[in-house]
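Please examine the sequence and structure below before reading on.

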Amino acid sequence: MARALQLAGRGLFTTSPNPRVGCVIVRDGRIVGEGWHERAGTPHAEIHALEQAGDAARGATVYVTLEPCSHHGRTPPCSEALVNAGVARVVAAMRDPNPLVAGGGIDMLTLAGIRAEVGLLESEARALNPGFISRMTRQRPWLRLKTASTLDGKTALANGASQWITGEAARADVQKLRARACAILTGSGTVLADNPRMNVRDFDIGRQPLRVIVDSGLRTPVDAAILPALVACHHADPAMRAALERAGAEVIELPDANGRVDLAALLALLAQRGVNELHVEAGAALNGALIKAGLVDEWVAYVAPMAVGDDARGLFSHATALTSLDAAARFRFSDVRQVGGDLRLTLLPA
């Protein structure tokens, strides 16, 4: 199963919107076939492993990181293929959270007389697909917030200068986070201040994540480098909407009661469009709004060993000041490591 998980990781950047899945087939103590899901619309991990195993799959044990599918989607059911191949036993790391499967694959195998088990290295398998699990069970993406700051929690000088707070190794590491995401989210303030592209540059993954801008007042310039993108606003002025649409943007209205974009509704919409992991690189206002709304599932904080003082720009802002530490958003460390000359802190909500 550890080998199957390793294989599944090869699809880290490419399987979206499908889950990352690996499969190993063993007979008489020897691996006879293995495979992983490479890209949506192509054969699943089990099919690749069965093709490699050939006749040796009959009577073999199959280790797969996710319950084999039991429905017809863009490809035929993997459970049916395993039954036809005559395997004797299937060990799945976890059940498929997709309601179209949700135990149906295990049931199909069991009814065919195949011994089926679930739960081996389940936590490792779940860690491989947080976005797919989130989309299937919560109907919203897994939101990963990325920040880069000084030791005193500043993201830029008062004049806006921020290139570069973190080093080259940290910036290359961020490219990996972008590459594994289905979509990249930022705010109109960041677009106006930095004119970023928000794309994947260091990896040839055969796709670019969907770019999304939270822009309550529709301030995004028509020549912004981030376009084409999905632009979520509170209310779309017809002329501004038309200009942005001519520039390749898709403009949607998602108003909340406070004159801003309804962030929860935006995440629900992205889930409906198949977004598993949502990568966020934004300014203090949007960062603070996401934290306050409880929408941040993971925070990856790059911290550079420098200090720039109180007048520099901070990581988060709040519409109203906190009056008690009991109201503070709290996180716990899940990973701490050095990347180049900087620290990378990975945190989860406490």
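**Sheet**

Two strands count as paired if DSSP finds at least two bridges between them; strands (E, at least two residues) and helices (H or I, at least four residues) are DSSP runs numbered from the N terminus. The model is predicted, so that local features need pLDDT of at least 70 and side-chain atom pairs pLDDT 80 or more, while totals for chains, interfaces and linings use all residues. Residues are numbered from 1 along each chain as its sequence is written, and side-chain values use heavy atoms, without hydrogens and water.

An open sheet of mixed pairing is formed by 9 strands, in the order β11-β10-β9-β8-β12-β6-β13-β16-β15. Its edge strands, β11 (250–253) and β15 (331–339), each pair on one side only. From one strand to the next, the twist averages 20°.

Strands β8 (residues 183–187) and β9 (residues 210–214) run parallel and are joined by 5 bridges. G187 stands opposite V214 in β9.

Helix α10 (residues 263–272) packs on the sheet, with contacts to β8 and β9 among others; contact means heavy atoms within 4.5 Å. The direction of α10 makes about 165° with that of β9, where axes are lines fitted to C-alpha atoms, for helices over the stretch in contact, and angles run from 0 to 180 degrees between N-to-C directions.

**Cavity**

The structure holds 1 cavity of 30 Å³ or more. A cavity is a set of points on a 1 Å grid over the protein atoms alone where a 1.4 Å probe fits but cannot get out, and lining residues have an atom within 4 Å of a point. The largest cavity has a volume of about 90 Å³ and is lined by 18 residues, with T15, N18, R20, N276 and E277 nearest its centre. A volume is the space filled by probe spheres set on the points, which are joined across faces, edges and corners.

Note on methods: On a 1 Å grid over the protein atoms alone, a cavity is a set of points where a 1.4 Å probe fits but cannot get out, and a pocket is an open set with protein on both sides within 12 Å along at least five of seven lines; lining residues have an atom within 4 Å of a point.
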